[in-house]
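Q: Please take a close look at one part of this structure with me, and walk me through its contacts and surroundings.

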Amino acid sequence: MPETETSPRDTAWLEERVKLLWENHFSDVPQGYPIVVRFGTRAQRRFGSISGRNGVSLITVNMLYALPDVPVYVVDETLAHELAHYAHGFGSGLPRLYVDPHRGGVVTMELEKRGLGEVHRIAEAWRETHWGNVYGECCDDLVQRRAAKTEATNERWDAFLSRPGGRTQADLEHRLDLLAPRLGYKFDHELPFNVGWLRATTRQVSPSYLLARSRLVELHGLLTDRRVPAAVVDFELAYWLARQAYGTSWKAVHSALCAAKLDSIAEEALQWRKARWPGFRARNHPLR
Ligand SMILES: [Zn+2]
C-alpha cells in the first residue's frame, strides 16, 4: 500500500490501519468497546497490547513501529493480533471465548481463519531477521541504561550478601542436607534441587522460588539476614522438599511436614511471613 508509505506514521495513520484491517478481516466481529489506538513506548519484546478500561479498548503498539524501516505488514500483523484478542473478548467488553488469551495458539488460529496467516508468517520472519538491528540502532541508550542498572543491582546485592554475620551459601546447603532425610530423602540419594540466594527485584516478594528447569530453589537474599528467624529458612526448604516428593497441594505438603514434625516450624514461619515479611522487605531491601 504505497500511499501509506509517504504519510508520517502518527496516530491518524494507526487509526487508518486499524480501520482497514477491521473492514477487510474483522467486520463480522460484534462491536464491543470503541477502539483507541496509540503508539506506546519503545520496547524490545513487546510489540503491542490491548486493554479495556472505562468502556474504551486501548490498543498500543511499539513506538519503533513509527520508523519507516519497519514494514507496514509488520505493524498490521501486530494490530491484527490485538484485534484477535478483541474478538476473543480480551480488552473489548465482548464475551470471553477463552480462559487464556494465548494458550493453544488461539490468536494464530484466528489470524489464519481471517486470511492473515501469511501476513503473520512474513511478519515473524521479518522480526526474526531485522528486529534486533532496528532495536539495537534506535535504543542504544535503553540497552546501555539496562546494562548499567543490572550492574548497579548486582553490586548492591553483592554488598548485602557478603555482609559479615549473615547466612551463607554453605549454611543453606547445610540446612538442606539436614532437612532432606527428615522428609524421606535417602542420605546417599541425589536431592531434587540445588539451593542458592536470590538477588531479588523489589517485585519478587516471595521468600523463595523454584526454578524447575534449572532444578534450583532460590531463597530471597533478605533471608540471609539473621533477624529473619531460622524457622523461615527451614520452612522454605522443607516446603519445596515436601512438594517435590508428595505433590503440589498444600494438604499433601502440610501432612508431610507434620509427619516430619516440622509443623511448628511451618506455623512460626507462616506467621512471621504474614506479620513481618512485608515490613522487613520495605525497610531492608538493598534495592529499595
Ligand atoms: Zn497477545
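A: Let's start with E77, whose side chain makes a polar contact with the side chain of H120 at 2.6 Å. (A polar contact is a pair of N or O atoms within 3.5 Å; within protein, one must be able to donate a hydrogen and the other to accept it, and residues adjacent in sequence count only if both atoms are side-chain atoms.) This is a predicted model, in which local features need pLDDT of at least 70 and side-chain atom pairs count only at pLDDT 80 or more, while totals for chains, interfaces and linings use all residues. Residues are numbered from 1 along each chain as its sequence is written, and side-chain values use heavy atoms, with hydrogens and water left out.

The E77 side chain also makes a polar contact with the side chain of R127, at 3.0 Å. Beyond its neighbours within four places in sequence, E77 is in contact (heavy atoms within 4.5 Å) with L111, V119, H120, A123 and R127. E77 is buried, at 4% relative accessible area; buried means under 20%, exposed over 50% and partly exposed in between, with a 1.4 Å probe and protein chains only.

E77 sits in helix 3 (helices are DSSP runs of H or I, at least four residues, numbered from the N terminus). Now to the zinc ion: H81, H85 and H102 coordinate it, each through NE2, at 2.0 to 2.1 Å. Donors here are N, O and S atoms within 2.8 Å of the metal (3.2 Å for Na, K and Ca); water is not among the atoms, so sites may look incomplete. Along the chain, the zinc donors follow the spacing H-x3-H-x16-H. H85 is buried at 5% relative accessibility, whereas H102 is partly exposed at 43%.

Methods
Helices (H or I, at least four residues) and strands (E, at least two) are DSSP runs, numbered from the N terminus.
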